[in-house]
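Hello, and thanks for taking a look at this one with me. Below are some notes to read alongside the model, going from the whole chain down to single residues.

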Amino acid sequence: MNESALVIFSGGQDSTTCLAWALDRFNEVMTIGFSYGQRHHVEMDCRKEILQSIGKLNSKWASKLKHDEVLNIGLFNEIGGTALTEDVEITMDKNGLPTTFVPGRNLIFLTAAAAYAYRQGIRHIILGVCETDFSGYPDCRDDTMKAMQIALNLGMESRFAIHTPLMWIDKADTWGLAHKLGGTPFVDFIREHTHTCYLGDRTNRQPWGYGCGKCPACELRAKGWEIFSEKGTSNVF
Ligand code: ZN
C-alpha cells in the first residue's frame, strides 16, 4: 500500500510481529510507544533495540521504517491499582479480570496515537490486540476496536483505519505469522529481542526468549512456542 502507517509498538512479541506486518505492507512506517509508569523499563529498552536492529533483517524494512515517538502518560501510575504499574500480586480479581488489566489503557493509547497520526497525516493505525488472548481483556476485543475507530473518526473528523492483524489468531499462529513475514531469522529475532514477561525478567533464557517462565505472559508465550515448534514452519495459515 502506497500509504503511511503508525504502529503502536511496545517491544513485545505481538507488537514486533505487527511492526513487520506493517513494514511488509505500507510505504512508510512510524512507531509510537508510551511510558505510563510501567513497573519495569525492560520493554522500553527492548523496543529501542528492536527499532535499531530490525532493519538489518530486511533492506526494504530498513528503508520504510521512519520516526519513533515515545509519549509520557503518567495518569495510569497516578490512578494505580494494577500489577503492571505497582507491586500488586498477579491474580484474578473479583470481576474475573487479572490484576494486570489496566482499565482504559488501549483506549487512551489509541486516542493518543490517533492524535499523533492526525498531526502526521497518517491514516492507518496498527496494534497487536487479540481476542484469543487468555485474559479476555475487554479493551483488546474486536468490538472495542471497531467502536474506537468510529469514535476517533467522528471526534477528529478523519478516516482512520485501525488494523489488528492478530485479532483472531492465537500465540502459536502469531509465531507462524512472524515466520511467514521474515522466516527463521525473524522468529529468532523475536525470541532474542522482544520482551513479554510481566516480571521484567531478562536473566532466564528460555527456548522462546527471556522471561521468568512462570507468570501468565510467559506461560502463554511458552505454550504458543511449543505448539508452533511442534507444527513446524510448514504452518503458514
Ligand atoms: Zn514471566
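**Notes on the model**

1. The accessible surface of the protein chain is about 11,200 Å², and 50% of this belongs to carbon and sulfur atoms. Accessible areas here come from the Shrake-Rupley method with a 1.4 Å probe, and for residues only the protein chains shown count as cover.

2. Before going further, a word on the basis: this is a predicted model, in which local features need pLDDT of at least 70 and side-chain atom pairs count only at pLDDT 80 or more, while totals for chains, interfaces and linings use all residues. Residues are numbered from 1 along each chain as its sequence is written, and side-chain values use heavy atoms, with hydrogens and water left out.

3. The protein chain holds eight helices and seven strands. Both are DSSP runs numbered from the N terminus, helices being H or I with at least four residues and strands E with at least two.

4. How does the radius of gyration fit a compact globule? For 237 residues such a globule would have a value near 18 Å, and the protein chain has 17 Å, which agrees. The radius is taken over C-alpha atoms, and the globule rule is 2.2 Å times the number of residues to the power 0.38. Along its principal axes, the C-alpha trace spans about 45 × 45 × 30 Å.

5. Of the 237 residues, 54% count as buried; buried means under 20% relative accessible area, exposed over 50%, and partly exposed in between (1.4 Å probe, protein chains only). Among contacts between residues at least 6 apart in sequence, 68% join residues at least 24 apart, where contact means heavy atoms within 4.5 Å.

6. Helix α2 (residues 42-53) has twelve residues and reaches 17 Å between its first and last C-alpha, close to the 16 Å expected at 1.5 Å a residue. The expected span is 1.5 Å times one less than the number of residues. V42, M44, C46, R47, I50, L51 and S53 are buried in α2. What do the buried residues of α2 pack against? Their partners are α1 (13-25), β2 (28-35), β3 (65-72) and α7 (171-193).

7. Not counting residues up to four places away in sequence, H193 touches C46, E49, I50 and R202. H193 and D45 are 148 residues apart along the chain, with their C-alpha atoms separated by 9.8 Å.

8. T194 sits in the loop between α7 and β6 (205-206). Is T194 buried or exposed? T194 counts as buried, at 0% relative accessibility. Leaving out residues up to four places away in sequence, T194 touches G11, G12, Q13, T16, I50, F189, R202 and R221.

9. Helix α5 (residues 105-120) has 16 residues, which at 1.5 Å a residue should span 22 Å; its end C-alpha atoms are 22 Å apart, which agrees. Its buried residues are R105, N106, F109, L110, A112, A113, A114, Y116 and A117. Just after α5, G121 takes a positive phi of about 70°.

10. Please have a look at E157, in the loop between α6 (142-155) and β5 (161-163). E157 has a positive phi of about 40° although it is not a glycine. Most residues other than glycine have a negative phi. E157 is exposed, with a relative accessible area of 77%. E157 and T99 are 58 residues apart in sequence and 35 Å apart in space, C-alpha to C-alpha.

11. Lastly, L220 is found in helix α8 (residues 216-231) and is partly exposed, at a relative accessible area of 21%. L220 and A172 are 48 residues apart in sequence, and their C-alpha atoms are 9.3 Å apart.
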